Amino acid sequence: MSHQSHHFTYHSELVPLLRLAWPVVVAELGWMGMGITDTIMVGRLGAEAIGAVALANLVFYTIGLLIIGVLLGLDTLIAQAVGANDLPDAHHSFRQGFWLALGAAPFLLAAMLLCLPALRFLGAEPEVFRLTQPFGRVLALSIFPLGAYTVLRRYLQARSWVRPVMFALVSANLVNVGLNWLLIEGNAGFPALGIEGCAWATVGARLYLALFLLLALLGHEPASSGLWRLEGPDFKRLRQLLTLGLPAAGHIFLEVSGFAAATALAGTFPAVSLAAHEITLNHAALTYMVPLGISSAAAVQVGNAIGAGEPLRARAAGNAAILVGATFMLLSAILLFAFPQIILGFYTSNRAILAAAIPIVFWAGAFQLFDGIQSVATGALRGRGDTQTPFLAGLAGYWVLSLPLGAFLCFRLGYGVPGLWIGLALGLATVALILLHRWLRSG
């Protein structure tokens with residue numbers, strides 16, 4: 001047990017937190033940028049192609065992204081081992097992470113391939129459904145490089161080597177644009193694959209992400225470091241990773257599927273209402289990238305401090321992270337309240353859509369603050385090794401409270417789409433308060 005100093009304050013933890021968080025925030029924005037690029041470049045093929053990309057991505061983000069969730073236990077084990085100065089144990093978790101990714105990927109791939117034909121029951125137009133199938137089947141293959149990338153990224157972040165993660169995602173956007181240009185329309189002698197070319201471009205960009213981080217980590221940890229030793233599966237360590245990772249994956253699934261369900265409910269209204277919902281959700285997703293980056297930094301800092309036997313430093317790091325995340329989202333909400341027309345004007349110039357979005361914006365602003373708190377508190381708790389509470393809070397907040405309440409306000413009381421957002425805001429407030437209470441009571 002190291003000497004416990006009583007001088008760990010918000011200020012002492014703030015600078016290292018921000019140093020760790022900002023490249024991760026840029027990386028998260030880079031991840032979003034790839035989706036936006038795909039939509040723009042496929043847009044030339046027509047509205048049906050955009051719809052097909054959106055539907056296939058819905059399947060990938062609901063199921064495929066669980067590979068990231070399952071591997072989030074690496075944050076806890078590697079960050080705590082680094083804090084305890086036990087690099088062999090950190091290396092061991094890293095190697096076992098690959099076994100876990102390799103084991104989980106085929107199941108998630110099969111689940112995605114089974115879900116694609118089921119999209120016809122969502123009432124998609126026949127042409128959209130037809131285009132979704134080949135695009136989705138190719139996109140699902142990116143689960144393998146995404147698993148490898150996630151293991152490499154979690155290790156780099158836990159060692160506080162975050163610049164390569166940022167550079168990987170920013171440069172992957174250029175790779176994605178280049179591959180889209182070559183494969184969608186068949187430029188420079190490549191075959192014109194249309195919408196399927198866009199899916200192959202995404203697979204290529206995700207493979208590039210994994211290779212970029214592999215080379216970056218080789219620069220930090222050469223073959224002589226012991227990190228790259230071959231070893232078989234260690235079922236005890238894999239069980240530890242799953243015990244931490246499965247609730248984390250469950251929390252992501254509850255959140256993503258909750259928002260997907262809200263969008264499906266909004267889809268029963270005229271196109272203008274759905275478009276208003278979509279642009280408001282897009283803006284919320286964009287600002288959410290900041291607390292998401294801070295959340296990753298919080299997991300690392302809290303984990304490092306716990307591993308070093310410094311609970312007061314862990315507490316100060318988590319408190320500082322939650323405060324920064326909440327402050328940013330509060331400012332974002334104030335801007336949304338003050339200048340809704342200007343902010344929404346970045347997404348559309350359609351007067352009818354803007355008019356329909358204004359009543360939603362108030363609730364989106366309220367929801368932002370709570371979204372920031374719950375996101376960062378989830379990361380801080382993960383650093384401590386608590387992934388169960390966020391999962392249970394998500395279950396209560398999104399599915400027990402948010403959606404039934406939102407649907408009741410929306411359809412029974414006639415609030416329309418704003419009713420869904422009131423439900424989302426109250427659900428997120430519940431999740432945020434549960435997690436904040438849990439964090440303040442822990443340790």
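**Start.** I am working with a predicted model.

**Helix pair.** I looked up helix 11, residues 271–307, and helix 12, residues 311–338. They pack at an angle of about 170°. Their axes lie 8 Å apart. Angles over 145 degrees count as roughly antiparallel. Helix 11 and helix 12 are therefore roughly antiparallel to each other.

Next I listed who meets whom. On the helix 11 side I found His283, Thr287, Tyr288, Val290, Pro291, Ile294, Ala298, Gln301, Val302, Asn304, Ala305 and Ile306. On the helix 12 side they meet Arg313, Ala314, Ala317, Gly318, Ala321, Val324, Gly325, Phe328, Met329, Ser332 and Leu336. I then sorted the residues of this contact between helix 11 and helix 12: 15 are nonpolar, seven are polar and one is charged.

**Pocket.** I turned to the second largest pocket. It holds about 190 Å³ of space. Which residues line the second largest pocket? I noted Phe94, Arg95, Phe98, Trp99 and Leu102, together with Leu227, Trp228, Arg229, Leu230 and Glu231. Seven residues of this lining are nonpolar and three are charged.

**Leu114.** I placed Leu114 in helix 5, which covers residues 87–118. Is Leu114 buried or exposed? Its relative accessible area is 66%. Exposed means over 50%, so Leu114 is exposed.

I also checked Leu114 against Asn187. The two are 73 residues apart in sequence. In space, Leu114 and Asn187 are 33 Å apart, C-alpha to C-alpha.

Methods. Residues are numbered from 1 along each chain as its sequence is written. This is a predicted model: local features need pLDDT of at least 70, side-chain atom pairs count only at pLDDT 80 or more; totals for chains, interfaces and linings use all residues. Side-chain values use heavy atoms; hydrogens and water are left out. Axes are lines fitted to C-alpha atoms, for helices over the stretch in contact, and angles run from 0 to 180 degrees between N-to-C directions. Helices (H or I, at least four residues) and strands (E, at least two) are DSSP runs, numbered from the N terminus. Angles under 35 degrees count as roughly parallel, over 145 as roughly antiparallel, 65 to 115 as roughly perpendicular and the rest as oblique. Contact means heavy atoms within 4.5 Å. Ala, Val, Leu, Ile, Met, Phe, Trp, Tyr, Cys and Pro count as nonpolar, Asp, Glu, Lys and Arg as charged, and the others, Gly among them, as polar. On a 1 Å grid over the protein atoms alone, a cavity is a set of points where a 1.4 Å probe fits but cannot get out, and a pocket is an open set with protein on both sides within 12 Å along at least five of seven lines; lining residues have an atom within 4 Å of a point. Grid points are joined across faces, edges and corners, and a volume is the space filled by probe spheres set on the points. Buried means under 20% relative accessible area, exposed over 50%, partly exposed in between (1.4 Å probe, protein chains only).
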